[in-house]
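Student: Could we go through this structure together? I would like to take it a piece at a time.

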Amino acid sequence: MARIILRDGRVADLREAYPTPNDRQMLRDLFRQASPDALYNRFFHVVKEVNEDEIDRMILANNRGKSLVCVSQNQILGIGHYVMVSETTAEVAFFVDERIQGRGLGTLLLEHLAEMAWRRGVLQFEAYVLSENQRMLRVFQDSGYEFHEQQDSGVIHLVLPLQQTERIHALAGAREKLATAASLRAFFEPSVVAVVGASRDSHRLGHLLLQHVLHGSFAGVVYPVNPSAHAVLGVRAYPSVKDVPEAVDLVVIVVPRELVADVARDCVEARVRGVLITSAGFSDRDDVGAQLEQDVTHMLRHEGIRLVGPNSLGIINTDGKVHMNASFSPALPPKGQVAIASQSGALGIAILDYASRMGVGVSSFVSTGNKADVSSNDLLQYWEDDPATHMILLYLESFGNPRKFTRIARRITQHKPILAVKSARSPEAMIAPEVSSEHYGDDTLVKALFQQTGIIRADTLQELFDVAALFSSMPLPAGKRVQVIANASGAAVITVDALQTGGLRLAHAPIDLGFTALAPRYSEEVHKALNDPEVDAIIVVFIPVGISEAAGVSLAIRDVVAQNGLVKPIVANFLMTGPGPIDYIQGKTFRIPVYPFPELAVRALVQVSRYAAYRRQPLGHLPDLERVDMTRARSLVHGWQTQTECWIGPENSFKLLEMAGLSSMREGRHETSLMMRMSVNCRLDSLFGPILTARVMEESNQAFSRLIPLTDRDALWLAHAVLKGEEVGDDVALLVTDVLLRLSRLIDEVPEIMELTLGEILVSTEASCIVNADIRLEPRPA
C-alpha cells in the first residue's frame, strides 16, 4: 500500500485490488454512480450495469496482470489495471470517479502501474482510447512517457515504452511537489485550530501550548477542547472536536497516549484536515506504542487526514498572515527566511532559541517527531516553492526514503541552500528506539548523498548556525580567492592556515595593518578588496586595542560597504566578547557577521564557497549513451534467472556488460598503453538502494561511493576522486566517467541485478576493458 496525494491535497491509499466481497462491492458502487458517457468511454459500448465477470477481469483473479485501486473513506475512487498480451507487452485501462477527475488520479494510477510492470519485466504498455475521450488521452500525454498512436474507426491505439527517463521522473516529481504542498497547508496556513487537552492547570502541557498559540497572536481562531472545562484561558471550551462550531483545519493533540486513538476517531468524524500529535510513548517507547501509532496513522490516512508526529513538539509559522506558535517554544522566533525541521523535539526547541540568539530569523519550524506520516521529504517539497523561505535547516537522526530525498534535494539546492546536521552516525548512537539501526544509514553513504545533492553538512549545531548566519546576510562568492585583512600577524596566520585547509586560496598576501589609524586603514583596504576583480571574498580580522577602536573599525567597515555595495561576501572576526555567539556589523540594507574566532569565520566561508561552486556547475543530467540496449539486457537476465538468487559467472556477465556498451577482455591482456587498473562494485543497500563504489587497484587507494543513478556530474566527480594522485590526463578521466555512467545505466534499468563486481578494469588513453566480472541476480518472480 502506498500513500498518494491528489492535486488538491487530498490523501488516499493506493493498493492492489483483492477478490474480496468488500472490494467487489466498492467497485460495484463506483460503476453504479458513473454516468452512461463515462461507462461508454471505458467499455466502448452501452453498459447498463457492470457485471461480475467484468469486475473479475478488472480485479485479475486469473493472475495475468495487476490491478491497483485508490481508496479513501471506504470508497474506491479509481481503478487501473494491466493484462499481459505477450511476454513483454501489457494492455492497460483505467476508470476514475467522475467527481474527482482532473485531480491527477489517472496519471498517478498510470505512473504506479508502469513502475510495477517495468520491474516485473514488462517493456511496454498499450491502450485503446475513444478519440472523443480527451480526458483519458490527457492522462497519457501528462505522464511523460513517449508514445506512438494509430487511429482506426474512432479508436486510438497507444503504445508506451516503459523505460524510466529523466523527463518522466521530473514530471512525476513536479506533480508530487504541488500535491504535497497542498496537503500540508492545513499545518502551515490553518484558519481554525483546536487544542485537545487544553487544561486550566498552568503546569500541564495542554495549558502551555494553548497559551503559546494565544500569546503568539494567531491570526485565525483557536478552540480549547476539554470535556471538564467551560473555558480555558478565557476562551470558550468544547467537550470534543466534534462539538467545535466551525470546520477545523488543524487539531493539536496534547493528551496521554491511551486517549489518542479516541481523539483521532473524533477528528475523523469532524472531518479535520490535519492532526498534530505531541503525545509521546508510541514507537519512541515500546512495541505496544508502535502498534498504536500504526493504527492511528492508518485510521487518519484512510480518511485522507495528514499527521505530524507523534512525539512532536509543534509547528511555528511567523508569516504575518498566520502568526502561529502551536509549539512548546515559549515565544515566536524573529521572522526571517529560514525554515527549520527537527526530528528531535526537545532539541528543536533549543535550536529555535539558538537561532534567536544568533540573529537568524525563521519563516517556519516543524518538529517531525516519529514521522509516522509527514516526513522531511514532505516538508522539503512544501518549502521548495514557499516564497517566505530562502534557506532550509534540517536536524536528522534517520532517513525514511533516501532516494526520494535525493531527487527532491537536487531540485531545491539549485536555488535554495539546504543545511543539515545528521546525527546517529554509528550504531552505538542508537539510544532512542525510534531511531533503529536500519534507518540511521552508513555514514559514508550519507556523506555521498549530501555531496551529490549539494546539501551542506555541518558537524555541530554551532557550525550549522555559523553557516546559516553567513548565508542569510551575504551574496555567494564567485570563486575561491580570499583577501585577508588583519591588524595582527598571528591572527592572519591562523586565518590563512584555516583557509588553505578548507580548500580556499589567497587572492593576495595577507594585509597587516598594525595598530595605528585602524579605522581609516580598514576602510581603505576593504574598499580596494571590494573593487578588486581578483578577490572573491573578504575576511576582516581585528584584535581590539580599545573599545572605541572596535566601534570605529565597525563603523568604517559599515560605511565603506554602504558606499561600494555588498558585491561580494565579507566575514569578520573581532577577538572580543560580544552579546551573543556571533555579532553583526549592521548597515541599513545589510549586515556583516562577526565571529568570535577566525577559524569559525573561515569554516563558515568554506561551506558557503563549496555550495557556490556546486551552484556554478551545470545541473547534472542522465546523458544519452550510444551502444546501449537495455531491452536486450533485460531479456538476457530473464532467461538466466532461477528460483533463487544466482551469480551468472564471467561469460554471461560479459554479455550483459556489452549491452551497456562496455568492452570486455575474454582472452589475454593487452597493456601496451595501460595507464591504470581500477575495480568497481555495485550493490543494493537496504536503505539507500543501489550504490556504486570505485577505486584504483592499489592497497593504499581510497574507495569512493555514489548513489545510483549517476548524473554526468556525479560520474565526473567520482572519476576525478578515484584518479586523484594518479598521473593521468583528461582523456583517461573521461573514459572512466563513461564506464561509470554505463554501469549506472545498467544497474538502474535492469532492476533484477542485485550485485555487480568488476574485479579489474584496464584503462588506457584510448579505451577501457573489463578483465573479470560477475553479477548476482534476484530470484525469478513467482
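Tutor: In helix α8 (residues 205–215), the buried residues are G206, H207, L209, L210, H212 and V213. Buried means under 20% relative accessible area, exposed over 50%, and partly exposed in between (1.4 Å probe, protein chains only). Helices (H or I, at least four residues) and strands (E, at least two) are DSSP runs, numbered from the N terminus.

Student: Which elements do the buried residues of α8 pack against?

Tutor: They pack against β9 (192–196), β10 (221–225), β11 (231–232), β13 (250–253) and β17 (324–327). Contact means heavy atoms within 4.5 Å. After α8 comes S217, with a positive phi near 60 degrees.

Student: What kind of model is this, and how are its residues numbered?

Tutor: It is a predicted model, in which local features need pLDDT of at least 70 and side-chain atom pairs count only at pLDDT 80 or more, while totals for chains, interfaces and linings use all residues. Residues are numbered from 1 along each chain as its sequence is written, and side-chain values use heavy atoms, with hydrogens and water left out.

Student: What pLDDT does the protein chain average?

Tutor: The average is 92, and 95% of the residues score at least 70; pLDDT is the predictor's confidence in each residue, from 0 to 100. Over residues 433–437, however, pLDDT stays under 50, and the model has 13 contacts beyond four places in sequence for them.

Student: New topic: is R28 buried or exposed?

Tutor: R28, found in helix α1 (residues 21–32), is buried because its relative accessible area is 19%. Its side chain makes a polar contact with the side chain of E52 (2.7 Å). A polar contact is a pair of N or O atoms within 3.5 Å; within protein, one must be able to donate a hydrogen and the other to accept it, and residues adjacent in sequence count only if both atoms are side-chain atoms. Not counting residues up to four places away in sequence, R28 touches E52 and I55.

Student: And where is S363?

Tutor: S363 is in strand β19 (residues 362–367) and is buried, with a relative accessible area of 3%. Beyond four places in sequence, the residues it touches include I316, G336 and T389.

Student: Which residues line the largest cavity?

Tutor: R3, V11, T297, L300, R301, I305, L307 and D373 line it. Helix α10 (residues 287–302) gives the most, with three residues.

Student: What about the second largest pocket: how much space lies in it?

Tutor: About 1600 Å³ lies in the second largest pocket. Its lining has 47 residues, of which K447, Q451, R610, R706 and W717 lie nearest its centre. The largest share of that lining, ten residues, comes from α20.

Terms used: On a 1 Å grid over the protein atoms alone, a cavity is a set of points where a 1.4 Å probe fits but cannot get out, and a pocket is an open set with protein on both sides within 12 Å along at least five of seven lines; lining residues have an atom within 4 Å of a point. Grid points are joined across faces, edges and corners, and a volume is the space filled by probe spheres set on the points.
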